[in-house]
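Have a look at it first, then read on.

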Amino acid sequence: MLGIIRQKVGAGCSSAMLQRIRPVASVCRSYSSSAKEMTVRDALNSALDEEMSADPKVFLMGEEVGEYQGAYKISKGLLDKYGPDRVLDTPITEAGFTGIGVGAAYYGLKPVVEFMTFNFSMQAIDHIINSAAKSNYMSASQINVPIVFRGPNGAAAGVGAQHSQCYAAWFAAIPGLKVLTPYSSEDARGLLKAAIRDPDPVVFLENELLYGESFPVSAEVLDSSFCLPIGKAKIEREGKDITITAFSKMVGYALQAAEILAKEGISAEVINLRSIRPLDRATINTSVRKTNRLVTVEEGFPQHGVGAEICTSVVEESFGYLDAPVERIAGADVPMPYAANLERLALPQVEDIVRAAKRACYRSVPLAASA
Amino acid sequence: MMAAWVRNSANIMINRFKSKMGSLGMTNFSSWSSSFTRTFPVVPASCAQNLRIPVGDFSNSPAHFRFCSYRFESGKAETLSDDGDANQVLDLPEGKVKFSYELSFISESAEERECCYRVLDENGKQILPSSYVEVSPELSVKMYSEMVMLQTMDNIFYEAQRQGRISFYVTTAGEEAINIASAAALAFDDIVLPQYREPGVLLWRGFTLQEFANQCFGNKADYGKGRQMPIHYGSNKHNYFTISSTIATQLPQAVGVAYSLKMDRKDACVVTYFGDGGTSEGDFHAALNFAAVTEAPVIFICRNNGWAISTPTSDQFRSDGVVVKGRAYGIRSIRVDGNDALAMYSAVSAAREMAVSEQRPILIEALTYRVGHHSTSDDSTKYRPVDEIERWKIERDPVTRFRKWIESNGWWSEKAEIEARNSARKQILHAIQEAEKVEKPPVADMFTDVYDCPPSNLLEQEKLLRETIKRHPQDYPSDVPV
């Protein structure tokens, strides 16, 4: 835990960022009894390495993925191992290398395209949506597109509006795409391997703040054959009073909230969505039918978000089971401010999840007292 | 096509960057979380700084320029001979640059426009002496017959659209020579990523008239299962990618396909087509740059036909057309008379040879004129003079020009002409009638191919739809087979 904090300090982060790291780091403590740990960064790196080693058609391309070893060192060591034909440093043109990746996938290769952040994927979104997502359908399966678009998504810390947006709802709106959002090292390894092996285009949304975090991993997870199914959520913590859905970094927050709620006698079930498209509606609805209450958590903007979709699914399939209105927690409906105090306000916090859960359980404290 | 892919790409790893890695050293891992912007140093900082300094030794310059005279340290000036300053060069990471002591800018245009390569004059007479690639009598006749077929097909499909039998059509009128001659110069294994004005390439490769008609009528025999609007043909077995409506996206994709060929050391190249308007898209520039950097075997063929719908080239770019852009990206380029089938054939043959044997991209700008309207949704007489259209249609028609050449060689006659046109017309009318009779795609085709395997929500949707149709058959159109 201390190691993580030291590393962030070494990177010259502000003290505001440290405040944000602490609660996350405390999650690790609850796992520390497990024997073997692995960072999300190493999980992604090893998954890439193993898939490249297993299939010569897999190659990685993007800005700084080769000699610089990736802007976040996810591709560390891969250039040395696989050479510049398979670890391709590209000119700075998202539309260019995304189009080239799509073309290579059209004709037999399996590209993994790294965006330095998914914010920059906006310069290439035409290739992802109009070409990658639709070609299999438009060509009636004459052209399939086995490609992975990956990189950090959502808010990091102190990097402002153009580096801090969550694109889960954007890509998840498109038939033809699969959208995965890993949280832990197990997720990162299992889902990235699944994404690379999948015959369809996959958008793989990582989180910068999770890269340095360690999670316990079992021997099964470390095995090179390990792979997770696409479209299946994971119940991270079982509970009976309320369901909390979350993905990516927010899973950690939801688990912390569950811990706090437990002390107050509320048993929360935390669902790590893992896959935003296909969405595991069955797991969500089964849980809601058991707990009769739901809080959805996401960092992205509220309108037309992942929470809205989950809410619709529950209203359609399990309305009669609900004992309270669904609570939706999302990022504020504004571009991300840079100032640390405002940035914190713009993002869901653990307290927000706790408060919403209590409201849904009719145990809320008056708002004025908590404000 | 995909299945036949040879899995040998692992064998061609070249560690040409290995030595550079050493000098760069291992990157400082403590910078992980702060490296989200694009400004982190990729090259050593001293080099990066030098790249931004515009000019070298200002010993003869006004005083206010002098402040930067001594800032070249790692990119040092080096003397090649004893002639002093005149032969000094700036040694940059990508090569040496000579100094100039004139304050002069590169002109925005060359004094003369780039020349246009041509073999046949407007009357189909061979210009002597001209260098060109020999074409046999058989191949010449086949090329001409296919041009006639393409012209006839366009006329009849266009009429079918006017009669409301199909929703949309685009003709190639005026650009038949680019279509057929470029196709004839390629090998069948070469991969084509077309725009939408190159059906002649597909025709040349053996896509039948019935297959064309099935696509335009969106019936269940269409390889696209009726999912795309007319003229968006695609056929794996003809190495012809399904057409995208979006402009220029096929260009970077073509570089990707070429990269794939390169990885597998195939004896083939990629050919991609686009119009003058497409060169304004960012994708065009990205594609040329990437093709040059990745040394991809790809031929870019620009059909510069003067008009992007109603936008003339003068509003599209201020460069000398498209051909000059190749050099800016480090790509070998040629400008060709696109209405001269022999010139087009020769240029594409030579380009293919270089692309495959030297593993490099080539840019071809074919000058031509869009004689037809942009599409059936357009009336071009609203924005361009009718006599301009007529002049190109009558005096500069590429099909007539090539006919004159083969006739002068004694390979074609008036009788053959009449027979070819009658036969083409009959075959096309027949194909259309057949296509109209074929059933439209079934309900199942609505849901397949969104993914490799349909996910549960799609299976559910399909089930729901089928149940609803069963319950309310009268509310559903009878022309959708369940």
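## Where the two chains' helices cross

Helix α5 (residues 94-106) of chain A and α8(B) sit roughly perpendicular to each other, a label used here for angles of 65 to 115 degrees (under 35 is roughly parallel, over 145 roughly antiparallel, and the rest oblique). Their axes come within 8 Å and cross at roughly 70°; axes are lines fitted to C-alpha atoms, for helices over the stretch in contact, and angles run from 0 to 180 degrees between N-to-C directions. The crossing of α5(A) and α8(B) is right-handed, meaning that the near helix is turned clockwise from the far one by less than a right angle, anticlockwise being left-handed.

On the α5(A) side, A:Ala95, A:Gly96, A:Phe97 and A:Ile100 make the contact, and α8(B) answers with B:Asp283, B:Ala286 and B:Phe290 (contact is heavy atoms within 4.5 Å). Sorted by class, that gives 5 nonpolar, 1 polar and 1 charged; Ala, Val, Leu, Ile, Met, Phe, Trp, Tyr, Cys and Pro count as nonpolar, Asp, Glu, Lys and Arg as charged, and the others, Gly among them, as polar.

## About the model

This is a predicted model, where local features need pLDDT of at least 70 and side-chain atom pairs count only at pLDDT 80 or more, while totals for chains, interfaces and linings use all residues. Residues are numbered from 1 along each chain as its sequence is written, chains are lettered from A and ligands numbered from 1 in the order in which they are written, and side-chain values use heavy atoms, with hydrogens and water left out.

## The sheet in chain B

Chain B has an open sheet of 5 strands in the order β4-β5-β6-β10-β9, with parallel pairing. Helices (H or I, at least four residues) and strands (E, at least two) are DSSP runs numbered from the N terminus, and two strands pair if DSSP finds at least two bridges between them. β4 (191-193) and β9 (332-337) of chain B are the edge strands, each with a single partner, so one side of each lacks a neighbour in the sheet. On average, neighbouring strands are turned by 20° against each other, direction ignored.

Strands β5 (residues 270-275) and β6 (residues 298-304) of chain B run parallel and are joined by 6 bridges; B:Phe274, for one, has B:Cys302 as its bridge partner in β6(B). Helix α8 (residues 282-294) of chain B packs on the sheet, touching β5, β6 and β10 (362-367), and its direction makes about 150° with that of β6(B). As for β6(B), 7 of its 7 residues are buried, so the strand is largely enclosed by the rest of the structure. Buried means under 20% relative accessible area, exposed over 50%, and partly exposed in between (1.4 Å probe, protein chains only). B:Val298, B:Phe300, B:Cys302 and B:Asn304 point one way, with B:Ile299, B:Ile301 and B:Arg303 pointing the other.

## A helix pair within chain A

Helices α12 (residues 281-291) and α13 (residues 306-318) of chain A have axes that come within 10 Å and cross at roughly 65°, in a right-handed crossing. By class, their contact has 4 nonpolar, 3 polar and 4 charged residues.

The peptide bond from A:Arg277 to A:Pro278 is cis, with omega near -5°; A:Pro278 lies in the loop between β12 (275-277) and α12 of chain A. A:Ser248 has a positive phi, near 55°, and is buried, with a relative accessible area of 9%.
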